[in-house]
Amino acid sequence: YRNPRTIRRREPRFCSCDPIAFHRRLPGYEPTPLVDAPTIAERLGLARLTVKDESCRFGLPSFKLLGASWAIYRALVQRHGELEPWSSLEDISEKLSHLEPLTLAAATDGNHGRAVAHMARLLGFGARVFVPAGTAAARIRAIEAEGAEVEIVDGDYDATIRRSAREESRRCLVVDDTSWPGYEEIPRWVIEGYSTIFWEIDAQLDEAPNAVFVPLGVGALGAAAADFFASSERVRVIGVEPASAACVQASLRAGQIVTIPGPHPSIMVGLNCGTPSSIAFPALQEGLDACIAVADVDAEEAMRALAASGIVSGETGAASLAGLQAVPREQLSLGASSSVVVLCTEGATDPESYERIVGRSLPR
């Protein structure tokens, strides 16, 4: 779907340098690699294809800690006052040690909840994470390994959001990456946190690409991409989502937020969302040039293509390449002189599934 409402050279809604300055202070920060994939580029008739590989960000297999950490920090400052100066998370924890025990809660399909639980562990907080029914056991174990209590919700991702929202209290901070009326600040900070990816890409490339392909769930990462490239005449931002949960595309077509009822059975579990984030949608409406809905077989094919290029990707992480491969490039005005970036947003978070789809064991 080509978005007729795209606005070029608009003012950004979320973008600033503050999140990347914050992330650089966290233990283990380093830019994730931007990997050339010449074999795939040649097959697709492109001048250059690069993959932003988020399979190991702060030691976790996805980009999600960027949004979770910034949102948690901003929320703590808002609740408890200025935390500067600090040089480590232990400093922040010590500044908050006089408070009653604090718990962080989140709804997740896996990666966001693991990131929230990871931050909770580093800060000495408790964590309570809600996952939809059918979540892979490997993803649940990874969240529990961060010290979190995990509750399986009898429903889809939207149901887990409703469940997590009930946890908010003086002693529990809900850190969800989607918004609803009355809950918009933390999702806004999550989007801001994701901008670090695009600051890194900007520094890693000598010239801006012609297109960036980004996966869409509730739309937070897509909003960060659309916002970062808001003033660019050159860069087009293309969103990709599962055909069974294409809520952003449906909303763009309708000109307003639309819910796609569940169940959402795609293997791209990180994108199985029925309703776009209300705080993200205006940026998507203004900044997405196109939106592509892909099938599970497209994601599987993209996982194998990435593996052949030396990149380990989970099903969700492969969605961006799946979108690029599924649509004739000429429909997006991409050809032999075009440079394209695709975001690989996660590693193999379910090793058994990865081995079944790719046909090889994970590299050690």
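Let's start with the residues around the second largest cavity: Arg 10, Glu 11, Arg 13, Ala 226, Asp 227, Ala 283, Glu 286 and Gly 287 line it. This is a predicted model, where local features need pLDDT of at least 70, side-chain atom pairs count only at pLDDT 80 or more, and totals for chains, interfaces and linings use all residues. Residues are numbered from 1 along each chain as its sequence is written, and side-chain values use heavy atoms, with hydrogens and water left out.

So what's a cavity here? On a 1 Å grid over the protein atoms alone, it's a set of points where a 1.4 Å probe fits but cannot get out, and lining residues have an atom within 4 Å of a point. Grid points are joined across faces, edges and corners, and a volume is the space filled by probe spheres set on the points.

Our second largest cavity has a volume of about 30 Å³. Helix α11 (281-287) gives the largest share of its lining, three residues. (Helices are DSSP runs of H or I, at least four residues, and strands are runs of E, at least two, numbered from the N terminus.) By class, that lining has two nonpolar, one polar and five charged residues. Ala, Val, Leu, Ile, Met, Phe, Trp, Tyr, Cys and Pro count as nonpolar, Asp, Glu, Lys and Arg as charged, and the others, Gly among them, as polar.

Now, the largest cavity: about 270 Å³ of space lies in there. It has 25 lining residues, and the closest to its centre are Phe 63, Lys 64, Asp 177, Gly 270 and Leu 271. Here the lining divides into eleven nonpolar, ten polar and four charged residues, and α9 gives the largest share, three residues.

Let's stay with Asp 177. Where does Asp 177 lie? You'll find Asp 177 in the loop between β6 (172-174) and α8 (185-204). Is Asp 177 buried or exposed? Its relative accessible area is 6%, so Asp 177 is buried; the cut-offs are under 20% for buried, over 50% for exposed and partly exposed in between, with a 1.4 Å probe and protein chains only.

And the Asp 177 side chain has partners. It makes a polar contact with the side chain of Tyr 157 at 2.8 Å, and another with the side chain of Lys 64 at 3.2 Å. (A polar contact is a pair of N or O atoms within 3.5 Å; within protein, one must be able to donate a hydrogen and the other to accept it, and residues adjacent in sequence count only if both atoms are side-chain atoms.)

Methods:
On a 1 Å grid over the protein atoms alone, a cavity is a set of points where a 1.4 Å probe fits but cannot get out, and a pocket is an open set with protein on both sides within 12 Å along at least five of seven lines; lining residues have an atom within 4 Å of a point.
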